[in-house]
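Reader: I should like to learn how to read a model of this kind. Please take the features in turn.

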Amino acid sequence: MTPSVFLLILCFGVASSAPAHDPNLDAEWKAWKIKHAKSYSPEEEKLKRAVWEENMKMIKLHNMENGLGKNGFTMKMNAFADMTGEEFRKSMNNIPIPAAVTDPSAQKQVSIGLPNFKDWRKEGYVTPVRNQGKCGSCWAFAAAGAIEGQMFWKTGNLTPLSVQNLLDCSKTVGNNGCQWGTAHRAFEYVLKNKGLEPEKTYPYEGKEGPCRYHSENATANITDFVILPPNELYLWVAVASIGPVSAAVDASHDSFRFYNGGIYHEPNCSSYVVNHAVLIVGYGFEGKETDGNNYWLIKNSWGEEWGMNGYMKIAKDRNNHCGIASLASYPNIF
């Protein structure tokens, strides 16, 4: 199946700007730079240090408010701490999309036959979290993750697949390497190419290169793919019964960038625009089922230091929060 949908996703990038300097934070700043292998020119260091301190203040304030019951999630410093929110957002390609609406009565009907919890990690469908680095390859990680899950279902073997293969070779179907792309176009490439190499033979480089696909190394293929309607009900059915599903969200907010744990709900998150691809690997709820603390469990590609060892719980059944159901797709392997 070749979809006519043409949507692009750009993940994230970098930039600079700022003032200020607290000498009490010198040791922390030095340790952070070493941990994340950061080095700057003397002039750039002043700017980055000021941004870093502002982000630290923002995170401390958020977590203090969270302790008072104002938020449902915590934040933490990470490798993005030397970027301003504007820098972070500038590198994202915002895609307007239709609002996703779920009929509450239909949802109640369907939910009778669906499990309350699902975590495909526990069933062997999910490979370890990886880090896309400075390349906007989130779409390729999401696509590879969805195919990995389906290959496990078919073969019983969980094999990390080549994101680099998708990055270098799927321009023929409309993706654009580290600039932007979508998971469903990556599926289209694999379908037409009749194969995808594993990470072992075509390792990730974090930058675009010439297509070096060798069919004799391919360990995965798909027979079809599905783009879901922009509705959480369809997404729920797919994640419950199919396996990990690729999706996209509005990840442009500081709260997403520095997410640490809890159920993510950002009041300013858009249900009409998405800009970062992720893999949905499950769902569930916290507290009582009637409390409304439902969540989607998503796997990100920003390394294990981000979020809950690379994962996030994002609000479910709350009006398509952050556009979670707006650009979801999965491959079929028969």
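Author: The discussion below treats confidence, helix packing and strand pairing. This is a predicted model, in which local features need pLDDT of at least 70 and side-chain atom pairs count only at pLDDT 80 or more, while totals for chains, interfaces and linings use all residues. Residues are numbered from 1 along each chain as its sequence is written, and side-chain values use heavy atoms, with hydrogens and water left out.

Reader: What pLDDT does the protein average?

Author: The term pLDDT is the predictor's confidence in each residue, from 0 to 100. Here the protein averages 89, and 87% of the residues score at least 70. Over residues 1-8 the pLDDT is below 50, although this stretch has 25 contacts beyond near neighbours in sequence (contact means heavy atoms within 4.5 Å). Residues 13-18 also have pLDDT below 50, with 15 such contacts in the model. Where pLDDT is low, the predicted coordinates should not be read in detail.

Reader: At what angle do helix 1 and helix 2 pack?

Author: Helices (H or I, at least four residues) and strands (E, at least two) are DSSP runs, numbered from the N terminus. Axes are lines fitted to C-alpha atoms, for helices over the stretch in contact, and angles run from 0 to 180 degrees between N-to-C directions. Angles under 35 degrees count as roughly parallel, over 145 as roughly antiparallel, 65 to 115 as roughly perpendicular and the rest as oblique. Helix 1 (residues 26-35) packs on helix 2 (residues 42-67) at about 105 degrees, their axes 12 Å apart. Helix 1 is therefore roughly perpendicular to helix 2. Among the residues making the contact are Trp 29 and Trp 32 of helix 1 and Arg 49 and Trp 52 of helix 2.

Reader: How are helix 5 and helix 7 oriented to each other?

Author: The axes of helix 5 (residues 138-155) and helix 7 (residues 183-193) come within 8 Å and cross at roughly 60 degrees. The two helices are therefore oblique to each other. Their contact includes Trp 139 of helix 5 and Phe 187 of helix 7.

Reader: Which strands does strand 6 join?

Author: Two strands pair if DSSP finds at least two bridges between them. Strand 6 (residues 259-264) runs antiparallel to strand 1 (residues 73-75), joined by three bridges; Phe 73 stands opposite Gly 262. Two bridges join strand 6 to strand 10 (residues 311-315), and these run parallel. There, Ile 263 has Lys 313 as its bridge partner.
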